[in-house]
Amino acid sequence: MDTNNVPVTVIGLGSMGKALAAAFLKAGHPTTVWNRTAGKADDLVANGAVRAATVEDAISASPLVVICLLDYPTLHDVLGGAGAALAGRTVVNLTNGTPDQARETAAWAAEIGADYLDGGIMAVPPMIGQPGSLVLYSGSRSSFDQHARALDGLGAAQFVGADPGLASLYDLALLSAMYGQFSGVSHALALVGPDHAEALSALLPSWLSATAGLSATGGDDSDSPSDMQAVAIGNISAASTAQGVHPDLLGHLLIPLRALLGPRAADQDFPTLITLLHPPTQPT
Ligand SMILES: NC(=O)c1ccc[n+]([C@@H]2O[C@H](COP(=O)([O-])OP(=O)(O)OC[C@H]3O[C@@H](n4cnc5c(N)ncnc54)[C@H](OP(=O)(O)O)[C@@H]3O)[C@@H](O)[C@H]2O)c1
């Protein structure tokens with residue numbers, strides 16, 4: 001079988017599932033779809049997708065079954081009765097969840113006799129199939145290798161490990177970094193207020209891209225000593241309070257501030273802060 005055109009089934013046609021199915025169709029895969037609200041498949045069917053009447057029919061149509069539902073309980077509700085049909089197929093679960101949910105679902109798939117890949121989509125629906133879309137996968141390496149070209153049609157496909165929980169772990173960690181950035185930007189815009197929001201917004205993209213590399217490594221503390229950073233963070237806090245800006249989004253800055261101002265201030269650096277958030281397990 002030409003793995004470029006492997007038949008694919010997509011279960012779940014929310015905003016993301018529809019984008020996934022559309023990308024498979026566009027890449028030339030025979031595409032079967034199923035969704036609880038059947039009408040959401042209309043556009044896809046108009047473009048050549050096959051609408052399955054039942055989940056079991058949908059699964060039976062393809063060796064590669066991609067699932068993108070609201071959450072894992074929904075996935076197990078939807079697949080529960082039709083699980084046996086998955087035997088001998090590859091399940092690619094792109095539903096957002098925790099590493100433990102991914103591992104439990106991988107064990108469930110193994111009992112059924114299905115190969116399992118868990119995935120984390122690092123993109124929004126309009127990015128699917130476009131440059132800049134990244135999807136992380138973990139679980140069955142052989143399934144990933146077999147279907148990598150099909151999966152690449154959704155976005156750059158990156159395998160992060162055989163532990164099925166790893167894609168979810170990396171996904172949640174990257175989302176955590178994103179939400180940290182969102183909260184920082186929200187606080188920044190609140191700090192300057194509506195009169196200066198437009199001017200600040202024009203400065204933000206280049207500033208954030210210039211500092212992205214630094215935040216990934218924790219920065220070079222020889223150039224930006226921690227006590228200097230503590231003063232800057234203290235000034236952000238003081239200016240925010242003076243301008244009546246709600247302090248809650250500063251919480252992520254005040255944790256390092258307390259550490260940086262602690263008794264060993266001169267020794268504190270960014271790696272130490274990561275240790276502070278998640279102390280290594282002490283040998284017993
Ligand atoms: N949208 C994004 O920007 C984005 C980005 C990355 C990852 N994701 C992940 O992709 C997954 C799907 O997101 P989405 O944006 O497509 O969400 P969505 O638009 O809310 O779609 C949710 C999907 O789950 C189905 N569903 C919900 N409850 C159900 C139930 N009780 N029984 C059967 N089906 C049920 C919905 O079916 P109905 O259509 O019948 O309601 C729909 O297919 C999530 O895990 C999300 O975290 C989304």
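## Around the ligand

Helix α1 gives the most to the shell around the ligand, with 3 residues. Before we go on, note that this is a predicted model, in which local features need pLDDT of at least 70 and side-chain atom pairs count only at pLDDT 80 or more, while totals for chains, interfaces and linings use all residues. Residues are numbered from 1 along each chain as its sequence is written, and side-chain values use heavy atoms, with hydrogens and water left out.

The shell holds 21 residues, and N35, R36, T37, K40 and N96 come nearest to the ligand. Sorted by class, the shell has 10 nonpolar, 9 polar and 2 charged residues. Here Ala, Val, Leu, Ile, Met, Phe, Trp, Tyr, Cys and Pro count as nonpolar, Asp, Glu, Lys and Arg as charged, and the others, Gly among them, as polar.

## Polar contacts and cover

Let us look at some individual atoms. N35 places a polar side-chain atom 2.7 Å from an oxygen atom of the ligand.

On its own the ligand has 900 Å² of accessible area, and the protein covers 73% of that (areas come from the Shrake-Rupley method with a 1.4 Å probe; for residues, only the protein chains shown count as cover). The elements that give two or more residues to the shell are α1 (15–26) and α4 (72–80). Helices are DSSP runs of H or I with at least four residues, strands are runs of E with at least two, and both are numbered from the N terminus.

## Aromatic pairs

How many aromatic pairs does the model have? The count comes to 3, with rings of Phe, Tyr and Trp (its six-membered ring) pairing if their centres lie within 6.5 Å; planes under 30 degrees apart count as stacked, over 60 as edge-to-face and the rest as tilted. Y137 and F144 make a tilted pair, 5.6 Å centre to centre with 45° between the planes. Y137 is buried at 0% relative accessible area, and F144 is buried at 6%. Buried means under 20%, exposed over 50%, and partly exposed in between (1.4 Å probe, protein chains only). Y137, F144 and F159 form one aromatic cluster.

Y179 and F182 form an edge-to-face pair, 5.8 Å centre to centre with 85° between the planes. Both lie in helix α7, 3 residues apart, which is about one turn of the helix. Y179 is exposed at 52% relative accessibility, while F182 is partly exposed at 44%.

## Two buried serines

Is S168 buried or exposed? S168 counts as buried because its relative accessible area is 3%. S168 sits in helix α7 (residues 166–192). Leaving out residues up to four places away in sequence, S168 touches G97, T98, P99 and D118, where contact means heavy atoms within 4.5 Å. S168 and L136 are 32 residues apart in sequence, and their C-alpha atoms are 8.3 Å apart in space.

S143 belongs to helix α6 (residues 141–152). S143 is buried, with 0% relative accessible area. Beyond its neighbours within four places in sequence, S143 is in contact with T90, D115 and L117.

Key. Near = heavy atom within 4 Å. Polar contact = N/O pair within 3.5 Å; in protein donor to acceptor, adjacent residues only side chain to side chain.
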